[in-house]
Amino acid sequence: MIRLIWAMTKEHVIGNENRIPWHIKEDLLYYKSRTEGQTVLMGEATYHSLKGYYKTKPLPYGKIYVASLNPNFSIEDGTVISDVETFMKNNKEDIWVVGGASIYRLCLSYADALYISWIKENYAGDAYFPELDFTKFNLTWEKETDLVHYTIYERV
């Protein structure tokens, strides 16, 4: 199963200067509860952003795939892939796609489920989630809090 997980505002803002523009502890805990110990796919910029946040601690995932077009990019804690389309077409693993914007765009057509945290407050940003065609998905779960509207959509 291919799952995409992200938080965004109603304007689809997902980042600003390669960081998440908000700090909402409940959403970080939700994200961690879904992805900790799991196989993940992310882009190089997201990888560097997370490494900056975790510093010397290991990232909290099981297997890590990092997409990069840089032939000199390498990591010790995961596998670098250079062709996301080919990787997704041949993938047989359950995988969580965790960002950023370009990786979401490339993986959206392969998604079986979308885990969206809708941030209720507006934030400025320079990275946006691509437009979604919700007619291809059914809302299967939701939870409302003061700060976030959590939703899960599954492909029809």
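Author: The model is a predicted one, and its largest nonpolar core has 27 residues, with Leu 4, Trp 6, Leu 41, Leu 114 and Phe 129 having the most contacts inside it. Among the elements that give two or more residues to this core are strand 1 (2–8), helix 4 (101–107) and strand 7 (113–119). Leu 4 shows how such contacts reach along the chain, for even without counting residues up to four places away in sequence, Leu 4 touches Val 97, Tyr 104, Leu 114 and Phe 129, among others. Apart from this core lies another, of 25 residues, which includes Tyr 61, Trp 96, Tyr 115 and Tyr 150.

Turning to the rings, a search of the whole structure finds twelve aromatic pairs. One of them is formed by Tyr 30 and Tyr 150, a tilted pair at 4.7 Å centre to centre with 45° between the planes. Tyr 30 belongs to helix 1 (residues 25–35) and Tyr 150 to strand 10, so that the pair links parts of the chain 120 residues apart, and both Tyr 30 and Tyr 150 are buried. The ring centres of Tyr 104 and Phe 129 lie 5.1 Å apart with their planes at 45°, and therefore this pair is tilted. Tyr 104 is in helix 4, whereas Phe 129 is in the loop between strand 8 (127–128) and strand 9, 25 residues apart; both of these residues, Tyr 104 and Phe 129, are buried. Ring pairs also bring in Trp 6, which is linked with Tyr 104 and Phe 129 into a cluster.

Methods
Residues numbered from 1 in each chain as written. Predicted model: local features only at pLDDT ≥ 70, side-chain atom pairs only at ≥ 80, totals over all residues. Heavy atoms only, no water. Core = buried A, V, L, I, M, F, W, Y, C linked by side-chain atoms within 4.5 Å. Buried < 20%, exposed > 50% of the residue type's maximum accessible area, 1.4 Å probe, protein only. Helix = DSSP H or I, 4+ residues; strand = E, 2+ residues; numbered from the N terminus. Contact = heavy atoms within 4.5 Å. Phe/Tyr/Trp six-rings, centres within 6.5 Å; stacked < 30°, edge-to-face > 60°.
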